[in-house]
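I opened the model and kept notes on what I looked up. The entries follow in the order I made them.

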Amino acid sequence: MTVSVLVVDDSGFFRKRLTEILTSSGQIRVVGVAANGREGVELAASLRPDVITMDYEMPIMDGISAVREIMKKHPIPVLMFSSLTYEGARITLDALEAGAVDFLPKNFEEIARDGSQLQKILIDRVLDVARSRPSGRSQPPAPPASPSPASPSARAPLAKPSTAGRPLASGRQSAQSLPEEPPKRPTRKGPARHYAVVAIGTSTGGPVALQRVLSVLPANFPSPIVLVQHMPASFTPAFAERLNKLCKIEVRQAEDGDSLHPGLALLAPGGKQMMIENRSGQPRVRILPGDERLNYRPCVDVTFGSLARAYPGKTLGVILTGMGSDGREGCRMMKQSGSPIWSQDEKSSVIYGMPMAVAKAGLSDEVLSLDEVGPRLIEGVC
């Protein structure tokens, strides 16, 4: 199946080079180009492409405004291009909240060179986005109401994405990517429990998903939280600050030697690995250099695996939307130690890759929609 793409960018060079790279795959057809956001909105309505690539700084209408208009009128998966700066991170997070699915760093020098690895990354990411569901303001966050049992509720820059196990856009499904029989939603079991740590791992769609989950938690949430979001190193400080402003709990980027406290969420820094140690009952965060042999920095498997050793049977693992299968082996280790695992359901996932990998492996104790996760944490953690 050929994926149709609309390229929106005010740089004629970038439009031309991106068109050349995408069409070279034989799987992608560029059906239109636009030099500003207004043209992009109009062509999105008339062409109805499978994917839109979007710059953020353009005349007449900027990329974020264009994404909002597109999501309001004709939701189409959008891949943003951004700069690897603090300001670029802030703007990209705004675009993701507006409804963009994913982003890539925009580096004119690298794209100008004919690097086969770069071309593969660009092509794979566009194909990944084509299989996603647009997210953002069209799905308002759940209100912070008191839940009850009857009322459910970094990737490193240009890292190699996995292409296994993702649904196609607009409800289309691939027989190769989905299990023959979807995992059954387990029944919720037992009363609330105390957990030494709640660990949440996510990737594509994660910035908006984490915002919606964490924003409903009360300031006195009784367990420490660790967050692993695939994101570049220059993005995680801005993301942690954003979450901290929106949430009642405290959220900040983790530093080596940090201790864990109830009501505190620590975000793994981009480009590095976060592990949790528990020596003599004194839990500490260890931040280690990113291993080039690992596709993901930070990696959910690394953090979850360390928690399985530090707190066997005393950690709650949660896997949210994301491509690939990072987190499955970490969840397996946690499960073997006696800790429960929750995973996001397919319908509410932007990309049902990571949670599907966990569910298919039989590791999910509960399968929840995104808007159930926050209230369920309030209900299930004492």
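What covers the buried residues of α8? I found that the cover includes α4, α7 (206-214), β7 (225-229), β8 (250-253) and β9 (264-267). Before going on I noted that this is a predicted model, in which local features need pLDDT of at least 70, side-chain atom pairs count only at pLDDT 80 or more, and totals for chains, interfaces and linings use all residues. I also noted that residues are numbered from 1 along each chain as its sequence is written, and that side-chain values use heavy atoms, with hydrogens and water left out.

**Entry: helix α8.** I listed the buried residues of α8 as T236, A238, F239, A240, R242 and L243. Buried means under 20% relative accessible area, exposed over 50%, and partly exposed in between (1.4 Å probe, protein chains only). Helices (H or I, at least four residues) and strands (E, at least two) are DSSP runs, numbered from the N terminus.

**Entry: α4 against α8.** I looked up how α4 (residues 86-98) and α8 (residues 236-246) pack, and the angle is about 55 degrees with the axes 8 Å apart. Axes are lines fitted to C-alpha atoms, for helices over the stretch in contact, and angles run from 0 to 180 degrees between N-to-C directions. The two helices are therefore oblique to each other; under 35 degrees counts as roughly parallel, over 145 as roughly antiparallel, 65 to 115 as roughly perpendicular and the rest as oblique. On the α4 side I found Y86, A89, R90, L93, D94 and E97, which meet A238, F239, E241 and R242 of α8. Contact means heavy atoms within 4.5 Å.

**Entry: aromatic pairs.** How many aromatic pairs are there? I got two, by the rule that rings of Phe, Tyr and Trp (its six-membered ring) pair if their centres lie within 6.5 Å, with planes under 30 degrees apart stacked, over 60 edge-to-face and the rest tilted. F14 and F81 are edge-to-face, because their ring centres are 5.1 Å apart and their planes stand at 80 degrees. This pair links distant parts of the chain, with F14 in helix α1 (residues 12-23) and F81 in strand β4 (residues 78-82), 67 residues apart. F14 and F81 are both buried. F103 and F235 are stacked, at 4.9 Å centre to centre and 10 degrees between the planes. I found both F103 and F235 buried.

**Entry: S348.** I located S348 in the loop between β13 (341-344) and α11 (354-360). Leaving aside neighbours within four places in sequence, S348 is in contact with L368, S369 and L370.
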